[in-house]
Amino acid sequence: MATEVKVPTLGESVTEATVGQWLKKPGEAVKADEPIVSLETDKVAVDVPAPVAGVLGDIIAKEGDTVEVGALLAYVNAGGAAAAPSAPAAAPAAKAEAAAPAPAASAPVAADDEEGGNLTLSPAVRRLVLEHGLDPSKIKGTGKDGRLTKDDVMAAVAAGTAKAAAVAPAAAAVDAPAAGPGRKQERVKMTRLRQTVAKRLKEAQNNAALLTTYNDVDMTNVIEARAKYKDLFEKKHGVRLGFMGFFTKAVCMALKDIPGVNAQIEGDEIVYNDFADISVAVSAPTGLVVPVIRNAESLSVADIEKTIGGFGKKAKEGKLTMEDMKGGTFTISNGGVFGSLLSSPIINPPQSAVLGLHRIEDRPVVRDGQIVIRPMMYLALSYDHRLIDGREAVTFLVAVKNAIEDPTRLLIDL
């Protein structure tokens, strides 16, 4: 008996998705509730499990297809005995046979799939493997069900392991017809997440009156506080003490003083929020995502650090949910972790402002008439000038600066 596999409910206001990757091939055995296909929505990737144990039959929706909620994806032939009737069915078998080589045709490294059985690579991971000449079967995957992520590949590159040996002749055979320096091109369809990011950011530029104000902050006192208490903090709370906890608390305090920065425009109305749901930009294998710290104004620094750490782990494993991403009244984006010195972030609609953090570097500054070297960071606040005036924006940014330069203000709410 064949059981239908359909697109599940994907979340509030999400009606369609893109078939990202089939995790099983036709004819392969599957367990009940075992993920068999990954769908990409506007915000996250969703794994669809097998409804019953059996053998994967015909695949109806191919990778790259756009599917709506409730659409048919594939069939699962339930039970071990159900696998036998699928053999006489010549047409489905032919389709499965035709579909199976497709990954090999699109991925030069797919020959390694035969060794691992389930070593299916995403386009981004495949590109990295090819660029660095690695053997993916020698890299340990940390993604869901042992799948390789971009971080796994880059770690192998840094360690100098997993150099391709058996794959080298195949690669040489592919490159043989091309004489002289390589001039290769690869066309990879944009993921739904990347399409959504592009669309929303362009909408922000088109619809909002974007303006950015800058300041710098002396990180001396925060660095000293962190160095003094980080060991005790980690021992007590089980999480590392970072800078995001301080900045999130400083932002929440500033939002309370300047509520317009925490507001948003809906039609001809302004919606003011008496809570601070802080979106934090997190790097995931599929791109930049912004999970939300709910009611950050009522959380301790330890709670904030735990929440951010949990988001980072879930993002790396591809386990962020729609609920994690929904909402948000203000965004903090830390480009400093990648080495950015200064940038002008773009707001995340319908939010009205975003704070950009950057790398810390020693710079000469004047203190009490003397030139001294201090660890300085540039701050950038981009905001919608339709709602937020320059005075409010500057006042907000100065409030954040003052709280970071004197962390005691965070304790006594000044």
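Trainee: What pLDDT does the protein chain average, and what percentage of the residues score at least 70?

Mentor: This is a predicted model, and confidence is the first item to read. The protein chain averages a pLDDT of 80, and 81% of the residues score at least 70.

Trainee: Over which residues does pLDDT stay under 50?

Mentor: One such stretch is residues 81-118, for which the model has 30 contacts beyond four places in sequence. Over residues 165-173 the pLDDT is also below 50, and this stretch has three contacts beyond near neighbours in sequence.

Trainee: How many helices and strands does the protein chain have?

Mentor: Its secondary structure comes to 13 helices and 19 strands. Of the 414 residues in the protein chain, 39% are buried. Among contacts between residues at least 6 apart in sequence, 62% join residues at least 24 apart.

Trainee: What is the order of strands in the open sheet that contains E8?

Mentor: A sheet is read from strand to strand across its pairings. Here the order is E1-E8-E6-E3, an open sheet of four strands with antiparallel pairing. Strand E1 (2-6) and strand E3 (29-30) are the edge strands, each pairing on one side only. Within the sheet, strand E6 (residues 54-59) and strand E8 (residues 72-78) are joined over four bridges in the antiparallel sense. The bridge partner of Ile59 is Ala74 in E8.

Trainee: At roughly what angle do the axes of helix H9 and helix H10 cross?

Mentor: Two packed helices are described by the distance between their axes and the angle between them. For H9 (residues 244-257) and H10 (residues 301-317), the axes come within 9 Å and cross at roughly 115°. The crossing of H9 and H10 is right-handed.

Trainee: Which residues in H9 and H10 meet?

Mentor: From H9 they are Met244, Gly245, Thr248 and Lys249, which meet Val301, Ile304, Glu305 and Ile308 in H10. By class, the contact of H9 with H10 has four nonpolar, two polar and two charged residues.

How values were computed
Residues numbered from 1 in each chain as written. Predicted model: local features only at pLDDT ≥ 70, side-chain atom pairs only at ≥ 80, totals over all residues. Heavy atoms only, no water. Pairing = 2+ DSSP bridges. Helix = DSSP H or I, 4+ residues; strand = E, 2+ residues; numbered from the N terminus. pLDDT = per-residue confidence, 0-100. Contact = heavy atoms within 4.5 Å. Axes fitted to C-alpha atoms, helices over the stretch in contact; angles between N-to-C directions. Left-handed = near helix turned anticlockwise from the far one by under 90°. Nonpolar A, V, L, I, M, F, W, Y, C, P; charged D, E, K, R; others polar. Buried < 20%, exposed > 50% of the residue type's maximum accessible area, 1.4 Å probe, protein only.
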